[in-house]
Amino acid sequence: MTPLLEVKNLHAEIDGKKILNGLDLVVNKGEVHAIMGPNGAGKSTLSYVLAGRDGYEVTEGDVLLNGESMLEMEPSERACKGVFLAFQYPMEIPGVATMTFLRAALNAQRKTRGEPELSSPDAIRKVKDVAGQLGINMDMLKRPVNVGFSGGEKKRAETMQMALLEPKLCLLDETDSGLDIDALKVVSEGVNRLRSPERGFVVITHYQRLLDHIVPDIVHVMSAGKIVRTGGKELAHELEASGYAQYQQEAA
Amino acid sequence: MAAVQETVEQVRQIDVDQYKYGFVTNIESEKAPKGLSEDIIRFISAKKNEPEWMLDWRLEAYRRWKTMQEPSWARVDYPPIDFQDLYYYSEPKKKPALKSLDEVDPEILATYEKLGIPLKEQKMLAGVVSDEGEDAGGDEAASGQPRARVAVDAVFDSVSVATTFKEELAKAGVIFCPISEALREHPDLVRKYLGTVVPTTDNFYATLNSAVFSDGSFVYVPEGVRCPMELSTYFRINEAQTGQFERTLIIADKGSYVSYLEGCTAPMRDENQLHAAVVELVALDDAEIKYSTVQNWYPGDADGKGGIYNFVTKRGDCRGRNSKISWTQVETGSAITWKYPSCVLRGENSRGEFYSIAISNGRQQVDSGTKMIHLGKNTSSRIISKGISAGRSQNTYRGLVSAHRKASAARNFTCCDSLLIGNECGAHTVPYIEAKNASATFEHEATTSKISDDQLFYCLQRGLSEEEAVALIVNGFVRDVLQQLPMEFAVEAQKLISISLEGSVG
């Protein structure tokens, strides 16, 4: 069976600085992978490279989605193929109502995939359904995208977008940062509801506590731009106890 | 960085040559000979069967104009204009004296159809007022309320071709007609107000306009009348090298209300075309005038060649107590824009508002803003200006807020925001603030921002194309101003903004 995501010997740099040094990763449909590691290991870079952000240059290796190389694809094309990145710091877009933004995104993706665009009432209904499950009401949907949102609201909004766009591959970048324990629960439940045999997750986190709520199938430790250890969910607990110091030395 | 870099690349390739509205209607027109002289002015005045005093007024302005210098303080740069190399009068040859649009030359109608704008109006002209919101744009705008009705006074080059809804307006006592007609039918009204807001001596271009103005709209709303519909005029500059000199005069008598919409597009031309309009608004006690403009004239080609020179004097006089004048403009066209719709707040408690979106792309140069002149007690004003620069354009906000000695408790709030797309364009803010009364409260806020790579990437990651993303961000940026436009215009303006920036992101 073709893996959902296959990262092969990935090397990438930004402004001439090497960040990823031969990273390998295989995520099958239905699996949740956690990537842990110290600050500066290249975790966020990995998520940006997978999403296709400008300025990150892949110098070696390949990234396949369902067997197809994504490296030449624009970020929006990757999004339409089912790659979703939940941002560590979601961007504010002043003056654009969240509802307007979501409808634009939804229909842009449908259009690219050759599906009929949703009419306004249908789109609004769909957004409201998904938003309701995350405790997001109409008032919040009328507010400009992420403007003045609390940390918790931003992450709930990201999770809502993920649910709405029904991606195949979800990349969660430090989703737990800035969340108190209650917000963490709401967001985790939102993510867990999206777990399905058809969908894969890469959860990037610095701390183990998120993984108590979103329980991974596989845990990777990343250091100096590559995966240095892979194990089951118990690996996360071990890391919590021992810290990352040993891996930093190993990588060096 | 890289996303912006790419945008810049794409800006370089802008193809404004494909100006959507660059077509020419092939109707023979009658022109006065090139150049400007007292004879030409007599010719114009005679063509229009004007009263003697009007001719004298024009001649006086002309003599004055000959002694004046073109202003040079604006941040715009263009080759000298040869005022003797222009036509000052042209009209479609088939002299129209029409009552309905059916009688209008089909070619002119086809032109309007190409503009896309007046389709709804055409329907209304046929007497159809749809009650349900069947909206071609498919936006949520249509929520069941009956559509606002719009009366159109179509200005085709220099002669108003058709005026509609006239009867219904007449029933309400509202006069809405070409100013040339008003000069014949209501000379006393015109004489009483013409030139009282923008005097013939006001500035180089206004004085020129006073001498040679061809046509324009005249509106009079009598005491206590709320004008039953939105009034709208579409201007088109069609004849090559015809300077168009519109003159508009709107008077809202005591306790009346009128909303006036002006929309402009012009066909593509190689030579720069001069447009020097004058608009005068007079609001008496408790009256309110809302004046909205969507301007989409040809901005010139990618090298900045061609395009309209737009030197306009627009001024409103809040002459009465509690009067209110509000300007809303969406400026996307013209090679050069020199335009400062202003309010003279003379009446006690009067209020002036200015909402503006000015978009420049390619090599456009915009120097625009407003003047709020507080003369009366307890007057207030509000300025919201949104400038968007792309390509290699220069966009300047220039504004004056002043309080006269006697303008106690004058209040102003000004907010000027600039958005830059790419890094070869410029945005400038030049506010002048003068308070001669210690009780005046003036607030000024200004921001300059750039569409960030982070914002763009965020949108792209959600599946939007770069073009869609920029349009979305820009529309968010101008939202507070768009909300001031009448609903029908707002949707149109939103589309226009996307069209105007099309070149800027490939």
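User: Which residues are buried in helix H9 of chain A?

Analyst: Leu235(A), Ala236(A) and Leu239(A) are buried in H9(A), residues 234-242. Buried means under 20% relative accessible area and exposed means over 50%, with partly exposed in between (1.4 Å probe, protein chains only). Helices are DSSP runs of H or I, at least four residues, numbered from the N terminus. As for ground rules, this is a predicted model, where local features need pLDDT of at least 70, side-chain atom pairs count only at pLDDT 80 or more, and totals for chains, interfaces and linings use all residues. Residues are numbered from 1 along each chain as its sequence is written, chains are lettered from A and ligands numbered from 1 in the order written, and side-chain values use heavy atoms, without hydrogens and water.

User: Why is the pair Glu468(B) and Lys111(A) called a salt bridge?

Analyst: The definition asks for a side-chain nitrogen of Lys or Arg within 4 Å of a carboxyl oxygen of Asp or Glu. Here the closest N and O atoms are 3.1 Å apart, so the pair qualifies. Between chain B and chain A the count is 3 salt bridges.

User: Which element gives the largest share of chain B's side of that contact?

Analyst: H10(B), with 8 residues.

How values were computed
Helix = DSSP H or I, 4+ residues; strand = E, 2+ residues; numbered from the N terminus.
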